[in-house]
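Please open the model in a viewer and keep the selection panel at hand.

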Amino acid sequence: MLNSARLLVLLEIARRGTIVAAAQALHLSPSAVSHQLARLEQEVGVALVERAPQSLRMTAAGQRLAEHAQAIADLMALAQDDLREHSAGEAGVLRLGFFASSGLELLPRALSGFSARRPHVELELILGQPHELVPGLEAGRLDAAVVFEHPLDPWCRDASVDVEMFFDEPQLIVVPLRHRLGRQSTVRLAALEGETWIGTRGGSTGEPVLERACAAEGFLPRVRCRSDHYQVTVNLARAGMGIALVPALGIGDTAGVHVCRLDHPQLHRRIGVATRSTHVNPLLDHFLGELRTAAREVGTLLGSQFGLTRP
C-alpha cells in the first residue's frame with residue numbers, strides 16, 4: 001500500500017521543481033526528502049523523477065502519481081474541514097425521538113431555531129412512545145428523546161440515561177359544548193362516573209391511565225372508542241360521542257368543545273428530554289439549548305391557558 005506521507009512529498013517536488021524547495025516547504029532536510037522519494041520509487045517499482053546534475057524532471061509516471069497525490073491531498077483537506085465542522089457542532093447527524101403531541105408545538109419550536117442556525121445538520125426524527133424510544137436511546141440509535149412520564153404509568157430507565165424534566169403538563173377533560181359540565185372550569189374525576197369516554201390504548205404496561213385513575217375512585221369507565229391520536233379524540237368528543245381525558249399539549253383546536261381542569265393530584269404528565277450520560281455528539285448540546293428555550297415558551301403558553309407547575 002502506498003504511503004500517504006511519501007505521496008505528499010512527491011506532490012511538493014512536483015509543485016516546487018526541486019528537492020531543496022520541496023524540503024523547505026515541508027520543513028524537512030533535503031536528504032530526508034530524497035530518502036522519502038527513493039522509498040516511494042521502490043514501492044511503485046518505477047522511476048518518478050529524472051535526475052540530472054543540476055536539475056530534476058518528473059517522469060510521466062511521476063506526473064501521473066503526483067496528480068493522484070493532489071486528489072488525495074484535496075480529499076484529506078475536505079475530511080479535515082468536515083470533521084472540524086462536526087466538532088464545532090455545525091454539521092453532522094442528530095437523531096431525535098419524540099412522542100406525538102410534543103410534535104404539535106414543543107419540538108417544532110426547538111427545531112425551527114436549531115435548523116435556522118445549523119442548516120447543514122441532517123436530522124433524523126423518530127416518532128414513538130417513551131417506552132418505545134428509550135431502548136433505542138440506550139442502544140445508541142438515538143441521541144435524545146423528548147419524553148413524558150406519568151405518575152400513574154412510570155417507565156423504567158437504565159442508569160446510563162439522564163432525564164431533564166421541563167414542566168408538568170395537566171391532563172384535561174374535553175366535553176361537547178352542550179354537556180352538563182359545559183359551564184364548569186374544574187371537575188373531580190369521581191363526578192364523571194357513568195359517563196361515556198373516548199379513551200387511549202395505554203402506555204408501557206398496556207393499562208391506560210384513565211382506567212387506573214378511575215379504579216382508584218371506585219369505578220370503571222365505559223369506553224366507547226380508543227385512540228392515541230388526540231385530534232381524533234377531541235373530534236369525537238366534539239361530535240358528542242363521549243368525553244375525553246386529553247393532555248394539554250394534545251388539545252389543539254377547542255372550537256365546539258369545552259375544556260375543564262381536572263382536580264386530581266396524579267393526572268398530569270412530566271415533560272422532558274432523555275439523553276445518554278455518555279453522549280459525545282457535539283450537536284446535542286446545541287439542540288438541548290433550543291429545546292429548553294422552547295419548553296419555557298410552551299410552558300408559559302400552557303400555564304396561561306390551563307395552569308401548570310414546574311418540577
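How many aromatic pairs does the count come to? In this predicted model, the count comes to 2 aromatic pairs, taking ring centres within 6.5 Å as the rule.

Select Phe-99 and Phe-148 to begin. Their ring centres lie 4.9 Å apart and their planes meet at 85°, so this pair is edge-to-face, the cut-off for that class being over 60 degrees. The pair joins distant parts of the chain: Phe-99 belongs to the loop between β3 (92-98) and α5 (106-117), whereas Phe-148 is in strand β5 (residues 144-149), 49 residues apart. Both Phe-99 and Phe-148 are buried.

Next, select Phe-114 and Phe-287. Here the centres are 6.1 Å apart with the planes at 85°, so this pair is edge-to-face. Distant parts of the chain are again linked, with Phe-114 in helix α5 and Phe-287 in helix α9 (residues 282-305), 173 residues apart. Phe-114 and Phe-287 are both buried.

Arg-269 lies over the face of Phe-148, at 4.3 Å from the ring centre.

From Arg-269, move to Glu-169, with which Arg-269 is in contact. Is Glu-169 buried or exposed? Its relative accessibility is 0%, so Glu-169 counts as buried. Glu-169 is placed in strand β6 (residues 161-176). Beyond its neighbours within four places in sequence, the contacts of Glu-169 also include Pro-247, Ala-248, Leu-249, Gly-250, His-268 and Ile-271. Finally, display the backbone nitrogen of Leu-249, which lies 2.5 Å from a polar atom of the Glu-169 side chain.

Definitions and conventions. Residues numbered from 1 in each chain as written. Predicted model: local features only at pLDDT ≥ 70, side-chain atom pairs only at ≥ 80, totals over all residues. Heavy atoms only, no water. Phe/Tyr/Trp six-rings, centres within 6.5 Å; stacked < 30°, edge-to-face > 60°. Helix = DSSP H or I, 4+ residues; strand = E, 2+ residues; numbered from the N terminus. Buried < 20%, exposed > 50% of the residue type's maximum accessible area, 1.4 Å probe, protein only. Lys NZ or Arg CZ within 6 Å of the ring centre and 35° of its normal. Polar contact = N/O pair within 3.5 Å; in protein donor to acceptor, adjacent residues only side chain to side chain. Contact = heavy atoms within 4.5 Å.
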